[in-house]
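Let's take a friendly walk through a protein together. Have a look at the picture, and then we will go through it step by step.

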Amino acid sequence: MQYSTPQELRQHFRQRRRQLSHLEQQQASTAVLEHCHQLPEFSLAGNIACYLAEDGELDPTPIIDYCWQQKKHLCLPVLHPFCKGHLLFVRYESNTLMIPNRFNISEPQLECARIVPLSDLDIIFTPLVAFDSLGHRMGMGGGFYDRTLAPLYRNSPEQQHKKVSVIGLAHDCQQAEKLTAQAWDLPMQKIITPSAVYTPEQPPQRIKHGSEHP
Ligand SMILES: Nc1nc2c(c(=O)[nH]1)N(C=O)[C@@H](CNc1ccc(C(=O)N[C@@H](CCC(=O)O)C(=O)O)cc1)CN2
Ligand SMILES: Nc1ncnc2c1ncn2[C@@H]1O[C@H](COP(=O)(O)OP(=O)(O)OP(=O)(O)O)[C@@H](O)[C@H]1O
């Protein structure tokens, strides 16, 4: 499969996941929750960031329902109101007031007291458009997760003893042979699909470059 630009590749994988039937989507979501049960980090996690599915993304609703049952704290991404291109993670409960963002994705109404700092999260489940077996991620193209999670890869002393797991959730049809890593791309520790849990042996390192991003 030859695609000359990342945009073409993105369109190709977005179309693939949109073509899945409702039943295939449901079965995929259930299978992914089953894989989560096998992960010790999931059983141990108290604070988990997830997302609401859009555009054929792997729907994490069963994970969300399970977390609520288990009294785990859940958050969803909210577009940062001032810091362009960044996300905040905000507490999400069954009665949370939801508001559509500019991409028409529902997000919790922003209340400062309900923002959860990155350092308090145990797992961040990310949506993705395509992934490869090395843990590279291609998203919707806004760079939101890359910018927001960049501080996790700076090896600050606090991060050395408390590591947040960044886990991509995807359909099998979103696996690409090889994605070209960009300087800003964040590595994922795991990718879970209905048929497999990928753990890149050595998660790809963030490529260092001169002017560090915030
Ligand atoms: N479910 C979900 N929530 C998420 C993300 C995501 O990828 N999936 N994001 C991950 O970053 C953030 C939102 N990022 C997004 C970036 C682009 C588009 C999108 O649909 N772009 C359209 C153009 C729309 C426009 O410009 O108005 C497109 O590409 O067709 C959607 C979400 C936060 N929340
Ligand atoms: N840490 C960062 N600092 C500044 N700009 C960034 C950073 N990460 C990404 N970007 C910018 O965002 C743009 C989109 O990045 P990319 O195509 O990797 O997004 P994506 O991972 O597909 O999207 P998303 O994370 O929103 O799902 C890039 O062109 C890059 O300029």
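Which residues are the closest to ligand 1? They are Phe-103, Pro-127, Met-140, Gly-142 and Phe-144, and they belong to a group of 16 residues that surround ligand 1. A residue counts as near a molecule if its C-beta atom, placed from the backbone, lies within 6 Å of it. This shell divides into 11 nonpolar, three polar and two charged residues. Here Ala, Val, Leu, Ile, Met, Phe, Trp, Tyr, Cys and Pro count as nonpolar, Asp, Glu, Lys and Arg as charged, and the others, Gly among them, as polar.

Keep in mind that this is a predicted model, where local features need pLDDT of at least 70 and side-chain atom pairs count only at pLDDT 80 or more, while totals for chains, interfaces and linings use all residues. Residues are numbered from 1 along each chain as its sequence is written, and chains are lettered from A and ligands numbered from 1 in the order in which they are written.

Now for the whole protein. Its secondary structure comes to six helices and 11 strands; these are DSSP runs numbered from the N terminus (helices are H or I with at least four residues, strands are E with at least two). Of the 214 residues, 31% are buried. A residue is buried if 20 or more other C-beta atoms lie within 10 Å of its own, exposed if 12 or fewer, and partly exposed in between, with C-beta atoms placed from the backbone.

Helix α4 spans residues 61-69, and its buried residues are Ile-63, Ile-64 and Cys-67. They lie on the same side of α4, because they cover an arc of only 100° around the axis (the arc of the directions from the helix axis to the C-beta atoms). These buried residues pack against α2, β1, β2 and β6. On the other side of α4, Asp-65 and Gln-69 are exposed. Just after the helix, Lys-71 takes a positive phi of about 60°.

Next, find Pro-100 in strand β4, residues 98-100. Is Pro-100 buried or exposed? Pro-100 is exposed, because it has 9 other C-beta atoms within 10 Å. Leaving aside residues up to four places away in sequence, Pro-100 touches Ile-105 and Ser-106; such a contact means C-beta atoms, placed from the backbone, within 7 Å.

Finally, Ser-119 sits in the loop between β5 and β6. Ser-119 is exposed too, with 12 other C-beta atoms within 10 Å.

How values were computed:
Contact = placed C-beta atoms within 7 Å.
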